[in-house]
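Reader: I have just opened this one and would like to talk it through slowly. Could you go through it with me?

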Amino acid sequence: MLTHRENESLTQIGPGTRAGNLMRHYWHPVAARAMLDRHPVHHVTLLGESLVLYRDKRGTLGLLGERCPHRGTSLAWGTIDNEGLRCAQHDWLFNSDGWCIDQPTEPAVSADSGEYRSTAYPVQELGGVVFAYLGPTPAPLLPHYNVLMWDDAIRETNGTVVPCNWLQVMENLLDPLHVECLHGRYFAYVLERKGGAQIKEFMALHHPAPMKKIGFDLFENGILERHVIGTEEDRSWRIGTPSFFPATSLIGGADKGGSVIFVVPLDDTHTWFLLLMAIRTGRPVFQESIPFVEVPGARENGGFILDTANGQDHMAVVTQGTTAHRDDEHLGTSDVGIVLYRQLLNEQMERMEGGQDPMNVRRDPTDHGIIDVPGGEQSLEPVDTRPWSRQRRRWAARHAEGQHGSRDREIDAQAQGTASPAPPPVVREHREVTLR
Ligand code: FES
Ligand SMILES: [Fe+2]
């Protein structure tokens, strides 16, 4: 249970807030590249700030404050130029550093007077995702999560805007038991009520088995979630699923591919759940465009979609409220991951307030390699027992059948096991709960 004030300090991420200051030490996804391929100017929200993302005619990315510094018209209706974004209202032109570099309606340009500078933030593109950094300078290095870096992978992204606070979405990821219940028994209940053949397929694929044990390791860059359904030799316990601080999870092995989940706080009551999936081919892949699909969390009429894992998660976190009241919750022993994560948030905020970088902020260019699942081996065993694995299998089958781009069709989608094991995590603390 948290007091109202403690809850606010963990959940509110606008400028000047505690958690907002913490989140501003990290790069966050702000768009999928495919969104800019469709249209070069987008209104985006990140950490409670209203911004405009664009790619100009020379290909430079820029992220500016939404309001034009002249008289406040939204730059989201602006047009791109060779260099920068032009406001629709009087054609003033702003470059990616925020400077006004052209004022056609004025007798002379006062570009570097300091008066006409827009808010501007650094942006970088990697693996089909555009990342932004809204924090104090100098910006740290953009983490090289493996799924973003593989040059032999076919990638696809999808995202859902969830209308609730980011911490609810993150806590859901650190709650392995909901997989057994919500995506197991409840899923079966929903399919049974629907009737038809789907329930047989579901039971054959998932046969929801109870979890025997759950465990969490605090490692140098975040939290590793582990659980046992079969034996402790299973990957879900031996390797586990890492959540890199503050809100990035890596799922799956490395030689066949994997996924990365980014939980992005858009504002205090909206969260972007972004999933990037990659299948490795063993040969260099050039993807002209990396598909991005917006997955609705709910139906247009507001009803929940209860026969998909994504829709079930949406129901579970949205019905907790736009920001969950944690002063009337009753945590159980099995909520150990959630307790650990809240403690970690507080610890890292104190660290930041003491003038140090919080964990997983990377600044050393000599130690900027690919980030893999700690201790993850490169076997060809099935990599995932989580509910979205079914969606990934369908996607993999689609690619194997050649429904992707013409260039990709030349690629044999057979996985090649070549990579070496990732170093094991340095574990600071281990907590586990035996359930059955
Ligand atoms: S309001 Fe933007 S140029 Fe005038
Ligand atoms: Fe889930």
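Reader: How do H5 and H9 pack, at what angle and how far apart are their axes?

Author: Helix H5, which covers residues 166–173, packs against H9 at an angle of about 125°, and their axes are 10 Å apart. That angle makes H5 oblique to H9, since 65 to 115 degrees counts as roughly perpendicular, under 35 as roughly parallel, over 145 as roughly antiparallel, and the rest as oblique. H5 passes H9 in a right-handed crossing, and the contact is made by Gln168, Val169 and Asn172 of H5 with Asp313, Ala316 and Val317 of H9. The axes are lines fitted to C-alpha atoms, for helices over the stretch in contact, with angles running from 0 to 180 degrees between N-to-C directions. A crossing is called right-handed if the near helix is turned clockwise from the far one by less than a right angle, and left-handed if anticlockwise. Two residues are in contact if their C-beta atoms, placed from the backbone, lie within 7 Å.

Reader: Before we go on, what kind of model is this, and how are things numbered?

Author: This is a predicted model, in which local features need pLDDT of at least 70 and side-chain atom pairs count only at pLDDT 80 or more, while totals for chains, interfaces and linings use all residues. Residues are numbered from 1 along each chain as its sequence is written, with chains lettered from A and ligands numbered from 1 in the order in which they are written.

Reader: And how many helices and strands does the protein chain have?

Author: The secondary structure comes to twelve helices and 20 strands, where helices (H or I, at least four residues) and strands (E, at least two) are DSSP runs numbered from the N terminus. Of the 436 residues in the protein chain, 40% are buried, a label that needs 20 or more other C-beta atoms within 10 Å of a residue's own, whereas 12 or fewer makes it exposed and anything in between partly exposed.

Reader: Let's turn to H6; how many residues does it have, and where does it bend?

Author: H6 spans residues 177–194, which is 18 residues, and reaches 24 Å from its first C-alpha to its last, close to the 26 Å expected at 1.5 Å a residue; the expected span is 1.5 Å times one less than the number of residues. It bends by about 35° at Phe187, the bend being the angle between axes fitted to the seven residues ending there and the seven starting there. Phe187 is buried, as are Val179, His183 and Gly184. After H6 comes Gly195, whose phi is positive, near 80°.

Reader: What covers those buried residues of H6?

Author: The cover includes helix H7 (198–206) and helix H9 (309–318). With H9, the packing angle is about 115° and the axes are 11 Å apart, so the two helices are roughly perpendicular to each other. The contact is made by His178, Leu182, His183, Tyr186 and Phe187 on the H6 side and by Ala309, Gln312 and Ala316 on the H9 side.

Reader: And how does H6 pack with H7?

Author: H6 and H7 pack at an angle of about 160°, with their axes 8 Å apart, and are therefore roughly antiparallel to each other. H6 passes H7 in a left-handed crossing, and the residues making the contact include Gly184, Phe187 and Leu191 of H6 and Ile199, Phe202 and Met203 of H7.

Reader: What about Leu47, is it buried or exposed?

Author: Leu47 is buried, because 26 other C-beta atoms lie within 10 Å. It lies in the loop between strand E2 (41–46) and strand E3 (49–55), and its phi is near 50°, a positive value in a residue other than glycine. Asp91 also has a positive phi, of about 70°, although it is not a glycine, and with 15 C-beta neighbours inside 10 Å Asp91 counts as partly exposed.
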